[in-house]
Structures are given as structure tokens and as C-alpha cells.
Amino acid sequence: MSLQLLSDFSLLAHNTFGFDARARYAMHIDSVDAAVATATDARIANMPQLVLGGGSNIVLTRDFDGVALIVGIRGKRVIGEDGDAWLVEAGAGENWHDFVAWTLAQGMPGLENLALIPGTVGAAPIQNIGAYALEMGERFERLNAVELTTGAQVAFDRAACAFGYRDSFFKRAGRGRFMITSVVFRLPKAWTPRADYADVARALDGAAKPDAQAIFDAVVAVRRAKLPDWKVLGNAGSFFKNPVVSAQAFEALKAREPGVVSYPQADGQVKLAAGWLIDQCGWKGRGIGGAAVHDRQALVLVNHGGATGAQVLELAEAIRRDVLARFDVELEMEPVTL
Ligand code: EPU
């Protein structure tokens, strides 16, 4: 199989922040065979490699002196069922939101809370995307990947993916080592709505028994109202994780800041709304150059045009410093940086 190697490739259309970085080379990977072939391709064997899906969770701070592997593997199909669930598989290059809509059109609910999340199916497991009280890991069955150095095809089950809050094996020990080619989801036949999240409940306006389509529509409406569309205003979704602190640290903070927005966790720790912390520090709508804090959701950093990745990181650092100084809480970045 011969793969086309493109030179001096603009990544502008391949990152949702809209940074104008370039890759020395790029390859479009449209099949599993092509993914395997990259591993034995002598032209790129010793080069740094960057696997890109929709580029919706990356901050490009510089040009990339290597080869960008742009995953476009398509295909959506129902591959089986058992008494409890349907199994559906999608190619890593499928658009996530279109895939969610397709599962509902098949009459297979379960992913509706994750409507409108930017990016591709293959990127979803890397940070274990989540929204409105559902994480992708809960609906995950397995994924197929190719090891970049050997071309070996490897399947990962849920345990091997080590999913956490916006976290997985692929952000840690597995970082940069694999190209995910497809993901299999387990969609429950005994579906129950998950519509308690305040914004979603409000959008459903008291509907007694919302079906999956109603939740999908409510989530789309909430996201459209709060979160900027990257096609209009470049961004990578939440820029920081919501920090998790000990019960003791939370009590001390609450005594000083009674308004703090928090979510108790099953293990006794407490998750804090980073958007609230940043908002309280007065950052909403403010920025550095073209990089700014979104004026409707302080957890989202945006590119008003002409910002660089370095400016976004500079802004993020200023925010981190302020939040640490006022609340004694460390914010951790959510997207990956190049
Ligand atoms: N808040 C403010 N000011 C702000 C933003 C938020 O006071 O500017 C407070 C409000 O009290 C609000 C609370 O923070 O009720 C939480 O805000 P929101 O419901 O918008 O959710 P979030 O915690 O900021 C998380 C996820 C989002 C996900 C939403 C809904 C993380 C890092 N982010 O945001 O995920 O859509 O919950 O479940 O966990 C993403 O990861 O890219 C992402 C967008």
C-alpha cells in the first residue's frame, strides 16, 4: 500500500482553536490497512508522529517537525447484540455528534447526553469525553488500535483503557503510541433517562418521561446557549479539569467562600466547578491578545482571531496563578499541548 506524503501541511483546518501551525509532513489515514502500513513506511519511520482526529482537544504552540497522521477511517455499523445491549462500532474518523445522532436513528439510545461534543469517535476514549452526568466509558465495550512502531493490531477492553475523569491510558503510559482505528459501544436495551443535571432538566421543562431524543435535543440546546461553536469562535471546550479536593480541604474552603460550587464524589472527595473559581477571579470575558476567557462560560478559553497557542497558555497560566492565590486550588489543563 502506498500512502501519499504531503509536505509543509497547514494544521489550521485540523485544530478547533484555529491556530495556524504547520506540520513538516502529513498523511491521511483512511483505512486500517493504511494505519498498519504507516508503521513500516520507511519515509516516516524515524520521524516524530502526531495522530490527529478532529483536533478538538489540542493546543498547538508551534510548528510540528514531523508527520501528522490524520485519521479519517469511516464506517458505522451494528455488530451484534445480547440480552442486555446492542453493540455498535464506528470508525475512528467518524464525527462524534453525527455518530450519536445515528445511534438514536437506529433506535439505540444511550449516548444522547454526549450530543454535540466536537471531535471524532477515535478521540472520544482518549480523554473519556463526558457531559451532563454521563461519561463515554460507561457505554464503552472495546476499541481497536494500531501500535505505531510495530503495526501490530491491538484490542483494548475497558479495563485496559483505565478510564478516569477526562483521563485514560492513552493520555498517560499509552500517549503517542497508538492510533485508534475504531471504537465499539455497548448501548443498553433497558435504557433509563439521565436528566437530572440542572441545565438539562431546565431545558426539558418538566417533561415527565423524556425519551432519548428529547434529552438529545435538550443537551444540544444547553450546549448551544453556553458553549461557543468552534467554527465561529475557536476553542477546545473546557480548558481545565474540575479540580477534586479532599473533604477536609473543601470544608476549609467553604468556610472562607460559602458560595463555592461543588459536587460530592462517591469516595468522599469533592469536585469543584473550575468555571466558578475562574469567574470569581474576574476573568470572564478578559484575555491576553486574541486569547480570552469565554464570556458565557469561564472554563472555556477562546481564540478571538489571531491568537497563538503560546498566548492561550500564557492566559491559562495567569488564571492558574489567580485561582491558586485566592482559593489555594491547583487547576490542571484538560487539552494536550504540542
Ligand atoms: N460556573 C460559573 N461561572 C462560569 C461557569 C460555570 O459560576 O463562568 C458555575 C455555575 O454554577 C455552574 C457550574 O459552575 O452551574 C458548572 O458549570 P457547567 O454546568 O457549565 O459545567 P462545567 O463544570 O463548567 C463540565 C464539563 C463540560 C460539560 C459540563 C456539563 C469539565 C472539565 N467540563 O463543565 O465538558 O459539558 O460539565 O456536564 O468537566 C469539556 O470537557 O470540554 C466540556 C465542555
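In this predicted model, strands β2 (residues 22–29) and β5 (residues 64–71) run parallel and are joined by six bridges. Strands (E, at least two residues) and helices (H or I, at least four) are DSSP runs, numbered from the N terminus. Two strands count as paired if DSSP finds at least two bridges between them. Within this pair, Y25 stands opposite V67 in β5. Both strands belong to an open sheet of four strands with the order β1-β2-β5-β3 and mixed pairing. The edges are taken by β1 (6–10) and β3 (49–52), each of which has a single partner strand, so one side of each lacks a neighbour in the sheet. On average, neighbouring strands of this sheet are turned by 45 degrees against each other, direction ignored. Axes are lines fitted to C-alpha atoms, for helices over the stretch in contact, and angles between N-to-C directions run from 0 to 180 degrees.

Residues are numbered from 1 along each chain as its sequence is written. As the model is predicted, local features need pLDDT of at least 70 and side-chain atom pairs count only at pLDDT 80 or more, while totals for chains, interfaces and linings use all residues; side-chain values use heavy atoms, with hydrogens and water left out.

A second open sheet has three strands in the order β14-β16-β15, with antiparallel pairing. Here β14 (244–245) and β15 stand at the edges with a single partner strand each, so one side of each is left without a neighbour in the sheet. Three bridges link β15 to strand β16 (residues 270–272) in the antiparallel sense, and Y263 stands opposite K271 in β16. Helix α6 (residues 247–256) packs on this sheet and touches β14, β15 and β16 (contact: heavy atoms within 4.5 Å). The direction of α6 makes about 50 degrees with that of β16.

Y263 lies in strand β15 (residues 262–264) and is partly exposed, at 32% relative accessibility. Buried means under 20% relative accessible area, exposed over 50%, and partly exposed in between (1.4 Å probe, protein chains only).

L116, with a phi of about 65 degrees, is located in the loop between α2 (96–105) and β8 (130–131). L116 counts as partly exposed, at 24% relative accessibility. For A133, phi is about 70 degrees, and the residue is found in the loop between β8 and β9 (134–135). A133 is also partly exposed, with a relative accessible area of 46%.
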